[in-house]
Amino acid sequence: MTKLIEFKNGELVAVGNFLAQAKLKGKASRGRTKLIKLIEEKNKEYNEERDTVRDPYFQVDDKGEKIVKDNKYVLKDTSKGKDLDKELADLAEETVGIEFTEYSEKFKALYDALNNYDYELSDANAVIYDLILDKFEKSFEKEGK
C-alpha cells in the first residue's frame, strides 16, 4: 500500500523550516531529514510552476531577463496584476502528495516523536506543528497504526 502525506504548496517552506529546527533524535531525526529532502523536491517543483505562471505577466529585456524596477518585476499590463495574484494564490492552495512508503518506519518514528514533543511551541510554530500532526494522523490512522 502506498503511503502519502499531503500539504499545500504554500505550506511546504513553513513545514520544512519547522522540522529543521525541531529537537529530535535517532530514527525520528532521520525521518525528519528524509521528509525535508522530499519537501525540498516538491518546493522546487512549486517554484518552477510559479515561474511558469508569472513569466507571461512580466516585461523582459533584449536578453529575455525580467525587467526589475524598485526591486519588483515590471508587469506587461498593470491591469492584469490581480489576475496574476489569483493564479499564484490558486497555485499556493494546490495540494501536493509526498509518497513515503519506503521511509514508512522512519516517518512513523517522526510522527511518534512529534506527537510526544515536550518542547513549548507558540505562534506560527504551534500552527505548523498542529498541521504536520494532522497530516501524519491522516496517513497513519487510516491503516490503524
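The model described here is a predicted one.

Helix H5 covers residues 123-141, which is 19 residues. From its first C-alpha to its last it reaches 27 Å, close to the 27 Å expected at 1.5 Å a residue. The buried residues of H5 are Ile 128, Tyr 129, Leu 131, Ile 132, Leu 133, Lys 135, Phe 136, Ser 139 and Phe 140.

## The nonpolar cores

The largest nonpolar core contains 28 residues, and those touching the most other members are Phe 7, Val 15, Leu 19, Leu 35, Leu 114, Ile 132 and Phe 136. At least two residues of this core are supplied by each of S1, H1, H2, strand S4 (95-99), H4 and H5. Which element gives the largest share of this core? The largest share comes from H5, with 7 residues. Apart from this core lies another, of 8 residues, among them Val 53, Tyr 57, Leu 91 and Ala 92.

Ile 132 is found in helix H5. Its relative accessible area is 0%, and Ile 132 is therefore buried, since the cut-off for burial is under 20%. Leaving aside neighbours within four places in sequence, Ile 132 is in contact with Phe 7, Val 15, Phe 18, Leu 19 and Leu 114. The C-alpha atoms of Ile 132 and Ile 5 are separated by 9.2 Å, although these residues are 127 residues apart along the chain. With its own neighbours within four places in sequence left aside, Val 15 is in contact with Phe 7, Ile 39, Ile 128, Leu 131 and Ile 132.

Ser 139 also lies in helix H5. With a relative accessible area of 11%, Ser 139 is buried. Its side chain reaches the backbone oxygen of Leu 4 at 2.5 Å. Not counting residues up to four places away in sequence, Ser 139 touches Leu 4, Ile 5 and Phe 100.

## Aromatic residues

A pair of aromatic rings is described by the distance of the centres and the angle of the planes. A search of the whole structure finds 11 aromatic pairs. Why is the pair of Tyr 111 and Phe 140 counted as stacked? The ring centres of Tyr 111 and Phe 140 are 5.5 Å apart and the planes lie at 20°, so the pair is stacked, because the cut-offs are centres within 6.5 Å and planes under 30 degrees apart. Tyr 111 lies in helix H4 and Phe 140 in helix H5, so the pair ties together parts that are 29 residues apart in sequence. Tyr 111 counts as buried at 5% relative accessibility, and Phe 140 is buried with a relative accessible area of 1%. One aromatic cluster is formed by Phe 100, Tyr 103, Phe 107, Tyr 111, Phe 136 and Phe 140.

| Lysine | Ring | Distance from the ring centre |
|---|---|---|
| Lys 23 | Tyr 119 | 5.6 Å |
| Lys 66 | Tyr 73 | 4.9 Å |

## The loop between S2 and S3

Most residues other than glycine have a negative phi, and most peptide bonds are trans. Asp 70 has a positive phi of about 55° although it is not a glycine. Asp 70 is found in the loop between strand S2 (68-69) and strand S3 (72-73). Asn 71 is found in the loop between S2 and S3, and it has a positive phi of about 65° without being a glycine. Are these residues buried or exposed? Asp 70 counts as exposed at 67% relative accessibility, and Asn 71 counts as exposed at 77%.

Asp 134 lies in helix H5 and is partly exposed, with a relative accessible area of 34%. Asp 134 and Asn 71 are 63 residues apart in sequence and 38 Å apart in space, C-alpha to C-alpha.

Note on methods. Residues are numbered from 1 along each chain as its sequence is written. This is a predicted model: local features need pLDDT of at least 70, side-chain atom pairs count only at pLDDT 80 or more; totals for chains, interfaces and linings use all residues. Side-chain values use heavy atoms; hydrogens and water are left out. Helices (H or I, at least four residues) and strands (E, at least two) are DSSP runs, numbered from the N terminus. The expected span of a helix is 1.5 Å times one less than its number of residues. Buried means under 20% relative accessible area, exposed over 50%, partly exposed in between (1.4 Å probe, protein chains only). Rings of Phe, Tyr and Trp (its six-membered ring) pair if their centres lie within 6.5 Å; planes under 30 degrees apart count as stacked, over 60 as edge-to-face and the rest as tilted. A charge sits over a ring if NZ of Lys or CZ of Arg is within 6 Å of the ring centre and within 35 degrees of the ring normal. A polar contact is a pair of N or O atoms within 3.5 Å; within protein, one must be able to donate a hydrogen and the other to accept it, and residues adjacent in sequence count only if both atoms are side-chain atoms. Contact means heavy atoms within 4.5 Å. A nonpolar core is a set of buried Ala, Val, Leu, Ile, Met, Phe, Trp, Tyr and Cys residues joined through side-chain atoms within 4.5 Å.
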